[in-house]
Amino acid sequence: RCKNLSVSFWNSYWMLPSDVCGMNCFWEAAFRYDYMKIHPSEKMHLAVVACGERLEETVTMLRSAMIFSIRPLHFHIFAEDQLHESFKDILDEFPYEGKVNYTLYPITFPTESAAEWKKLFKPCASQRLFLPLILKNVDSLLYVDTDILFLRPVDDIWSFLGKFNSTQIAAMAPEHEEPRIGWYNRFARHPYYGVTGINSGVMLMNMTRIRRKYFKNDMTPVRLQWGEILMPLLKKYKLNITWGDQDLLNIMFFHNPESLYVFPCQWNYRPDHCIYGSNCKAAEEEGIFILHGNRGVYHDDKQPTFRAVYEAIKNYAFGDDLVHSLLQPLELELQKTTHTYCGRVYKVFIKQLTKSVRDLYARRSKGR
């Protein structure tokens with residue numbers, strides 16, 4: 001069965017546009033191969049924080065991570081107590097094949113300031129700031145918001161750890177590509193990184209380096225470690241920040257710009273990249289690598305292109321043919337969204353996904 005599906009997919013693949021993969025893809029694949037030769041069995045650690053009505057969204061994100069990833073995954077799921085049983089019931093039914101483990105954690109903040117952290121921006125959102133202090137035995141970690149969807153293997157973003165220079169401790173994408181619609185450069189009342197700030201929905205961290213680093217700051221001439229700087233930052237800026245923990249990260253990396261590696265926009269593609277017209281050129285060329293459905297776009301009708309991708313991954317049954325059960329139905333739905341700005345560039349939503357399916361079947365074919 002798998003052999004026939006693989007053959008039919010490859011036959012259809014050669015009919016795809018030639019721009020599905022160019023030399024950039026070649027060199028990325030070569031780098032990934034070299035990195036994996038050096039770290040062949042390295043487990044990838046993925047963290048998420050889920051509160052309120054985010055159970056389904058979180059599970060869909062985890063499903064997207066499982067579909068294409070190559071190396072073992074460990075999910076670190078921080079959730080409200082009432083969600084733990086539901087997570088356990090669902091995750092225990094996933095076809096792990098020995099490649100995925102998970103750990104559930106309660107939502108915890110420093111005792112003396114727990115109330116302040118809980119009410120910052122959204123419930124539980126600032127939990128991510130404390131991951132380096134809680135997961136003390138984890139060397140590196142990829143944190144993502146619940147509304148993230150992986151359209152290529154987690155391995156590929158994980159491999160950026162090998163590209164960090166000696167001063168870089170974390171990686172994030174810009175908040176905006178187009179300054180004319182940027183939020184930070186127009187409205188922020190606090191320091192922020194770069195021209196348009198950074199978005200913390202996808203954050204790759206070398207947590208060993210984070211725990212060791214002493215950060216420059218505008219509160220004291222003395223450099224402070226991660227666990228020492230968070231509360232003073234909140235006290236100084238709490239009346240000036242709008243986006244909670246993301247603003248605090250922007251302030252921190254404004255003062256320590258050498259510590260940040262910046263992803264291109266297709267690693268954190270949000271509605272802002274297309275609702276006012278397409279402004280993520282990298283995605284236009286190579287497709288979207290990680291989709292970020294902020295503003296609740298997976299659950300309303302304002303951005304049907306985003307919702308179509310979410311529904312397709314949510315409803316995909318593990319083990320089914322990815323071409324006929326995921327790609328083809330999704331493309332039909334995406335074609336119905338061309339009345340919107342994002343729908344006009346719907347091919348960027350499926351370009352990388354198509355390549356990921358092709359690569360997955362190629363790996364399976366070689367493995368037989």
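## Close-up views of a predicted model

Cys342 is buried, with a relative accessible area of 1%.

Figure 1. Cys274 is found in the loop between S8 and H12, whereas Cys342 is part of helix H15 (residues 341-344), so the bond ties together parts of the chain that are 68 residues apart in sequence. The torsion about the S-S bond is about 85 degrees, and the disulfide is therefore right-handed. Cys274 has a relative accessible area of 0%, and the value for Cys342 is 1%. Because buried means under 20% relative accessible area, Cys274 counts as buried, and Cys342 does as well.

**Figure 2. Cys51 and Cys124 form a disulfide.** Their sulfur atoms are 1.8 Å apart. The angle about the S-S bond is -95 degrees, and the link is left-handed. Distant parts of the chain are connected here: Cys51 sits in the loop between S1 and helix H3 (55-68), and Cys124 in the loop between H5 and helix H6 (131-134), 73 residues apart. Cys51 is buried, with a relative accessible area of 9%. Cys124 is likewise buried, with a relative accessible area of 8%.

**Figure 3. Cys265 and Cys280 form a disulfide.** In this pair the sulfur atoms are 2.1 Å apart. The link has 95 degrees about the S-S bond and is right-handed. Both Cys265 and Cys280 lie in the loop between S8 and helix H12 (281-286), 15 residues apart. Each of these two cysteines is buried. The count of disulfides comes to 3. With bonded cysteines counted along the chain, the disulfides follow the pattern 1-2, 3-5, 4-6.

**Figure 4. The largest nonpolar core has 43 residues.** The residues with the most contacts inside this core are Trp117, Leu131, Leu141, Met205, Leu230, Leu248 and Phe253. Several helices and strands each supply at least two of its residues, including strand S1 (44-50), strand S4 (140-144), helix H9 (207-212) and helix H11 (245-255). The largest share, 7 residues, comes from H10. Apart from this core lies another, of 40 residues, among them Met66, Ile77, Leu142 and Trp267.

**Figure 5. The surroundings of Trp117 are shown, including Phe109 and Pro110.** Leaving aside residues up to four places away in sequence, Trp117 touches Phe109, Pro110, Ser126, Leu129, Phe130, Leu230, Met231, Leu234 and Leu248. Among these neighbours, Leu230 and Leu248 are, like Trp117, listed with the residues that have the most contacts inside the largest nonpolar core.

**Figure 6. Strand S6 pairs with S7 and with S8.** S6 and S7 pair in the antiparallel sense over 4 bridges. In one of these, Pro174 has Ile198 of S7 as its bridge partner. S6 and strand S8 (residues 260-262) instead pair in the parallel sense, over 3 bridges. Here the bridge partner of Ala171 is Tyr261 in S8. Of the 5 residues of S6, 5 are buried, so the strand is largely enclosed by the rest of the structure.

Methods: Residues are numbered from 1 along each chain as its sequence is written. This is a predicted model: local features need pLDDT of at least 70, side-chain atom pairs count only at pLDDT 80 or more; totals for chains, interfaces and linings use all residues. Side-chain values use heavy atoms; hydrogens and water are left out. A nonpolar core is a set of buried Ala, Val, Leu, Ile, Met, Phe, Trp, Tyr and Cys residues joined through side-chain atoms within 4.5 Å. Buried means under 20% relative accessible area, exposed over 50%, partly exposed in between (1.4 Å probe, protein chains only). Contact means heavy atoms within 4.5 Å. Two strands pair if DSSP finds at least two bridges between them. A disulfide is a pair of cysteine sulfur atoms within 2.5 Å.
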